[in-house]
Amino acid sequence: MRLPFQVSLALLLTAFISAALPAGPARAEVRYKRSVERYQIPDVVLINQDGKKVRIASLVNSGDPVIVDFIYGTCTTICPVLSAGMVNLQRRLGPLSQKVRMISITIDPEHDSPKILKDYLKRYRAQPGWDFLTGSRADIDAVMKAFNAYIPDKMSHYPINLIRDPRDGSWVRIFGLMSSKEFLAEYQRVATPSVSGGKP
Amino acid sequence: MSCYRLARLKALRLGSLLLALLLLLSAGNGWGATVLPSGLPQAELIRLGERMYRDGILPSGASMPAFIRGDVEVDSTAFSCSSCHLRAGLGSFEGGVVTPPTNGVKLYQSYRRPPSLDDIPDQAGRYIYAKTVVERPAYNRETLASAMRFGVDPAGQIFNDVMPRYPLSDRDMSILIDYLELLSSEPSPGATSKEFRFATIITDDVSPEDRRALLLPLQKFIDQKNQQLGMYQKFIKFGYSPTTEMKYAFRQASLDIWELKGAPETWPAQLAAYYDKKPVFAVLGGISNGDWRPIHDFCEGQRLPCLFPITDFPVVSETGWYTYYFNKGYFQEGEAVARYLNREESLPAEGEMLQIVEDSPQGKALADGFRQTWAELERPALTTLTLSPRELADRKALDKILSKYRPRVLLLWADAAVLPELPALMGQLPADAKVFLSSGYLGEKSAAVPESVRGKVYLSYPYRLTPFVGPKDGGYDAKVPILTTAKDFGDRRITSRSTTMLRQVALRGLNLLYDNLYREHLFDLMGMQMDLTVRDYERFSFGPGQRYVSKGCYIIQLGPGADPALLPRSEWVMH
């Protein structure tokens, strides 16, 4: 796809400024924190955007990479960025996006009904393969705790992406916000059997 | 040395190179040149600018292009300016990210943001992911355009990556900047640096007891505000230095009572007359036994906040903005029954389910809640019979209906008059039948469900079941355990709920306004509140655009006896 002139120009200038000010005082020096973890997923049943019950432990136990994040439907800051990352990864992967299972889990289960989840995915133009789950507060708390991502209130959340390596069931834990390129690279590290860089 | 000074030095080092590039670009494309006002009439400007700001849609109707994290393309219709900077443009604080103000008044002044998690290099082993600019000089139209296009402030500091970059045309940029200059530029009516004017609304169908129950906490709230102002003024007189919070927390407050009389169709004119005579900043509470819609619509039209009226007939809408409700009233009870049944493993076919609706506002609201939710759950519509109170009292006619349909699930949205006949009526149903009733509609008679059928009768119950420590007037001075029991049936909880609204919700929002006396900002602040545990409901939860703060409703059964235990058969919130 050919980018409009103004878009190209903006990206060019952004790239220039980014390169020219690599360690500016107002710029975060670390873009995100990466670690590899092992998690015991609780055997709880959540509900997807179609109102269907799903067993989270079965859902993540896939032969393909699995990406999990925690967001909510009316979030004003982090969640839209995380979700834009998800949908951009789907776009970049094209037909291969069917080879990755994306799971967003709401941290506002009181408000986020399946209908709200469905509308959210539609708003972001999500492709099949990206599910958004709700459920009881107790079950969602259990899942958050299992991923060491528990927060008592949605207003104090933080950005985490968890990427499951299908080869050994380990999880790459990413704290912070990734660019599309970084997200793709992280996905490829667990998706490509020949690449042996999954464990730093 | 402050970050701002460091950044300026950095900017100076790179200034010549950057300037050369900007000049080159501006020569070729017009960027960096003077951003002239759009020249549009104000109404058109607000229409187009608001659409860009709130909905991410360009004047052409296309989506605003935007990029975050350098290369993540975002659809602005999903992620607009107001998603983070909020409707009033005063910014937000959420998830450790401080989003700075973006209205012209603030942009054209130098700015130093409040402290945030970002100021700590590493928090509990977590890297800081959202470092935002701490301090910056004032913008002008040109530097503002550069900020939106390239993510650089007037001191050369680069924005956090979560702020999208918008490659807008000169014309579109001009409209957006014009809009930002208008956004939150004048305090809303009814508020000054010295005074808040409030009103409450009471319709003429409200009993004197209910009226008193509403006005008691409201008058107390106003009296306390004014008393605290007097104390504060004495502190200042004696040389006390107030904190920022204190400086803005004390204002004179007044409360007008807007009495609405006669037919609801005449209410908008009555409300307009009250408002025109003396505009208020917000409506605190209010009470009506009828449909709240005329008042809701008036507040939407005036962009007037209406905070937590006592009504069982709120407007159920996904787009209503200016009225905060406790919950969806009767509608929410019908909704809960639909969700409960949807989860039943051995749910009979729709043909074996029947909904009988009393032809009354309560019956219709309950049925609406059920029908709408049932349809959302993609279930086929149930057979629904709407009967007048007279038809419901006709035992033979009811027997005939029930023997014809023999439903295994009966939704009976009727008042307590039907209760004495319930055992006989249920004799017409299959042995495993279940009957669903509304505790809101049955009121204090809910506990009079005959004991012989309690095993098959389920009630929707939209209030707290677990113990709460606090006095019954909703205040929090004494520690008195409250155990919810059948005695609570029929309690309209007017004083307790209004006190909760004032002390736990509205006051926080009002105090956090500081000198930003904009109604939209009040909603933005209230939407960012953390969840609350309150006396009458299990939980209040907030969020931008969420307008029904109590989302739950139990399905319960009754234990034995005249003062039966309430036995939960569902969680507070069901999906």
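# Reading a two-chain predicted model

Of the 575 residues of chain B, 48% count as buried.

User: What does buried require here, and what kind of model is this?

Analyst: A residue is buried if 20 or more other C-beta atoms lie within 10 Å of its own, exposed if 12 or fewer, and partly exposed in between, with C-beta atoms placed from the backbone. This is a predicted model, in which local features need pLDDT of at least 70 and side-chain atom pairs count only at pLDDT 80 or more, while totals for chains, interfaces and linings use all residues. Residues are numbered from 1 along each chain as its sequence is written, and chains are lettered from A and ligands numbered from 1 in the order in which they are written. In chain A, buried residues make up 48% of the 200 residues.

User: How many helices and strands are there in chain A?

Analyst: Helices (H or I, at least four residues) and strands (E, at least two) are DSSP runs, numbered from the N terminus. Chain A has six helices and eight strands. From the N terminus on, its elements run α-β-β-β-α-β-α-β-α-β-α-β-β-α. For chain B the secondary structure comes to 18 helices and 22 strands.

User: In what order do the six strands of the open sheet in chain A stand?

Analyst: Strands of a sheet pair through backbone hydrogen bonds, either parallel or antiparallel. Here two strands count as paired if DSSP finds at least two bridges between them. The open sheet of six strands in chain A has the order S1-S8-S7-S4-S5-S6, with mixed pairing. Strand S1 (32-37) and strand S6 (130-133) of chain A each have a single partner strand, so one side of each is left without a neighbour in the sheet. Six bridges join S1(A) to strand S8 (residues 171-176) of chain A, and these two run antiparallel. In this pairing A:Tyr32 stands opposite A:Gly176 in S8(A).

User: Which helix packs on that sheet, and which strands does this helix touch?

Analyst: Two residues are in contact if their C-beta atoms, placed from the backbone, lie within 7 Å. Axes are lines fitted to C-alpha atoms, for helices over the stretch in contact, and angles run from 0 to 180 degrees between N-to-C directions. Helix H3 (residues 78-93) of chain A packs on the sheet and touches strand S4 (66-71), strand S5 (101-106) and S6 of chain A. The direction of H3 makes about 155° with that of S4(A).

User: Which residues of helix H5 in chain A are buried?

Analyst: In helix H5 (residues 137-146) of chain A, the residues A:Asp139, A:Ile140 and A:Val143 are buried. They cover an arc of only 95° around the axis, which puts them on the same side of H5(A); the arc is that of the directions from the helix axis to the C-beta atoms. The face turned away from the buried side carries the exposed residues A:Ala138 and A:Lys145. The buried residues of H5(A) pack against strand S2 (45-47), helix H2 (56-60) and S5 of chain A. Just after H5(A), A:Asn148 takes a positive phi of about 50°.

User: How do the side chains along strand S2 of chain B point?

Analyst: They alternate along strand S2 (residues 72-75) of chain B. Strand S1 (residues 65-68) of chain B pairs with S2(B) in the antiparallel sense over four bridges, and B:Ile68 has B:Val72 as its bridge partner in S2(B).

User: Is B:Leu271 buried or exposed?

Analyst: B:Leu271 is buried, because 23 other C-beta atoms lie within 10 Å. This residue is in helix H9 (residues 267-277) of chain B. Not counting residues up to four places away in sequence, B:Leu271 touches B:Trp258, B:Ile295 and B:Phe298.

User: Which strands are at the edges of the seven-stranded open sheet of chain B?

Analyst: The order in this sheet is S15-S14-S16-S17-S18-S21-S22 (chain B), with mixed pairing. The edge strands are strand S15 (383-387) and strand S22 (566-568) of chain B, and each pairs on one side only. Neighbouring strands of this sheet are turned by 30° against each other on average, direction ignored. Five bridges join strand S14 (residues 353-358) to strand S16 (residues 409-413) of chain B, and the two run parallel. B:Ile356 has B:Leu412 as its bridge partner in S16(B).
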